[in-house]
Amino acid sequence: MSQKKSVLKKEELQEQRRQDALKRKKRIQRPIAIILLVIAVLFWVRTYAQNRLSAINMLIGFAFGAVMVRSNFTFTANLRNPVMKNSYKFTYLHFKMTVITCIGINTIIAIKSAMGIFDWAAYAKEPTFVSVWFFMSAIIFGFGVGILGSAGSGIIKKAANLKMDFVLAAVMFIIGSLFGVILRSGVTGVFGERQYYMPELFGWPMAILIQIYLFIIYFYFVYHGAKQFGTYEMRDTVTVWSIAKRDIPFLQKVRRMAHEIFVSGIEANMGIIYIAILSILYFFFNSQVIGTGMPFATFGYKIMNIMGIDTTTLLGESLASQIAKEIYDLPKVMMVAGYAFGAAFVPLLRGEFKPTGFGDAKNIVKMVVGGFVTGVGVQGIYGANIGEVYGAISMLSLSGWLIIPFIVAGLFLAKPIYAYLGGETRPFRWGGE
């Protein structure tokens with residue numbers, strides 16, 4: 001009995017020490033968070049004066065980063081975990097999020113078109129140009145993601161929290177992306193490119209039917225995978241409509257949302273709802289899908305130019321002209337800046353900001369190789385998981401569906417190397433055995 005009391009007392013002391021350490025961290029980190037917030041507000045005011053859309057995107061990016069850092073959801077795990085860990089939890093959540101976003105984006109398109117304020121010619125340019133290099137890059141991207149474990153949003157989130165190994169990965173991502181631009185311009189010049197925006201290819205009625213059919217196939221895959229391997233609690237009766245309307249936070253839930261972000265933490269199932277809503281808002285203001293990989297690379301090129309490394313001579317004409325602009329005139333880049341700030345601000349405010357080092361030699365190899373290869377792939381597929389899978393599918397581009405098996409192929413190629421470098425993997429199985 002006395003031994004049991006001793007164990008309990010020891011646990012209580014450990015918990016008390018943990019709480020005291022957290023309080024000390026909060027006393028140090030909260031003032032830093034407030035100072036950074038004041039600087040960010042002043043910067044936002046100046047941005048608003050220069051470019052209203054950039055200022056709006058900063059706010060959306062800030063909310064996006066805050067949700068991502070407090071939620072257990074990751075975009076990369078959507079395709080990576082089934083291959084590497086035989087887990088379908090995030091793939092199922094990704095399906096739910098994509099359905100909601102697809103409905104929201106195309107509703108906005110319909111309303112704006114009816115009002116005569118939607119520019120179809122500009123929008124039709126947004127779906128990815130598909131080429132031989134596109135599919136090769138998808139394999140390269142999948143290989144990089146398999147080794148690194150993150151793509152655009154994950155790298156930014158972790159680098160913003162001073163995980164030094166991911167700061168290294170971010171640098172390699174930018175360098176690899178620059179190399180990818182050079183490769184892309186050469187290869188696509190030989191093979192050419194083509195758009196696969198479904199409403200332009202088939203007309204709206206057929207495009208919607210094809211999209212629904214593809215969603216059914218996607219659902220069948222993740223449902224059976226999750227049900228068989230027990231990696232996520234599945235419901236027997238799930239429809240596209242029930243997924244779209246369930247748990248959408250209305251105005252009376254705003255307080256709950258703020259409480260989850262700053263106090264209690266966000267369950268992954270609710271985090272994807274918030275992300276879907278932010279993605280729809282982003283589309284409403286930008287008439288483009290949200291993305292982090294390409295804007296982050298663009299930001300990196302601009303930083304390199306500021307440091308005296310001339311990247312504009314290596315880039316295509318349109319991308320070089322973007323780099324030459326003031327940062328306020330790059331709304332996508334400003335969204336990424338807001339995302340990085342939100343991802344760092346919330347942990348600082350909560351006293352949970354935990355910088356980490358580079359890790360062992362194998363981890364450094366993972367960061368260098370994974371970051372570089374992922375960056376190369378991003379330029380070939382014109383985006384990462386958010387832009388080219390989640391975003392492209394939501395905006396009815398066939399490229400978002402076509403890319404999936406090639407990314408998965410790259411993940412399979414990376415699996416033995418990832419295991420050799422110390423990563424835990426499980427045999428991939430799927431189906432009703």
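The largest cavity is lined by Thr 101, Ile 105, Ser 279, Val 289, Ile 290, Tyr 390, Gly 391 and Ser 394. Please keep in mind that this is a predicted model. The volume of the largest cavity is about 40 Å³, and a search of the whole structure finds one cavity of 30 Å³ or more.

Which helices build this lining? At least two residues each come from α4 (89-114) and α18 (385-394). The largest share belongs to α18, which gives three residues. Sorted by class, the lining of the largest cavity holds four nonpolar and four polar residues, with no charged ones.

Two or more lining residues come from each of α7, α8 (164-191), α14 (293-306) and α16. How do the lining residues of the second largest pocket divide by class? There are 20 nonpolar residues, one polar residue and no charged residue.

Two packed helices are described by the angle between their axes and the distance between the axes.

| Helix pair | Axes come within | Crossing angle |
|---|---|---|
| α7 (152-160) and α16 (331-350) | 8 Å | roughly 50 degrees |
| α14 and α15 (317-324) | 9 Å | roughly 60 degrees |

Let's take α7 and α16 to begin with. Their axes cross at roughly 50 degrees, and the two helices are therefore oblique to each other. The crossing of α7 past α16 is right-handed. On the α7 side, the contact is made by Ser 153, Ile 156, Lys 157 and Ala 160, while α16 brings Val 336, Tyr 339, Ala 340, Ala 343 and Ala 344. By class, the contact of α7 with α16 counts seven nonpolar residues, one polar and one charged.

What is the handedness with which α14 passes α15? That crossing is right-handed. Here Thr 298, Tyr 301, Lys 302 and Asn 305 of α14 meet Leu 319, Gln 322, Ile 323 and Ala 324 of α15. The contact of α14 with α15 has four nonpolar, three polar and one charged residues.

Definitions and conventions: Residues numbered from 1 in each chain as written. Predicted model: local features only at pLDDT ≥ 70, side-chain atom pairs only at ≥ 80, totals over all residues. Heavy atoms only, no water. Axes fitted to C-alpha atoms, helices over the stretch in contact; angles between N-to-C directions. Helix = DSSP H or I, 4+ residues; strand = E, 2+ residues; numbered from the N terminus. Parallel < 35°, antiparallel > 145°, perpendicular 65-115°, else oblique. Left-handed = near helix turned anticlockwise from the far one by under 90°. Contact = heavy atoms within 4.5 Å. Nonpolar A, V, L, I, M, F, W, Y, C, P; charged D, E, K, R; others polar. 1 Å grid on protein atoms, 1.4 Å probe; cavity = no way out; pocket = protein on both sides within 12 Å on 5 of 7 lines; lining within 4 Å. Points joined across faces, edges and corners; volume = space filled by probe spheres on them.
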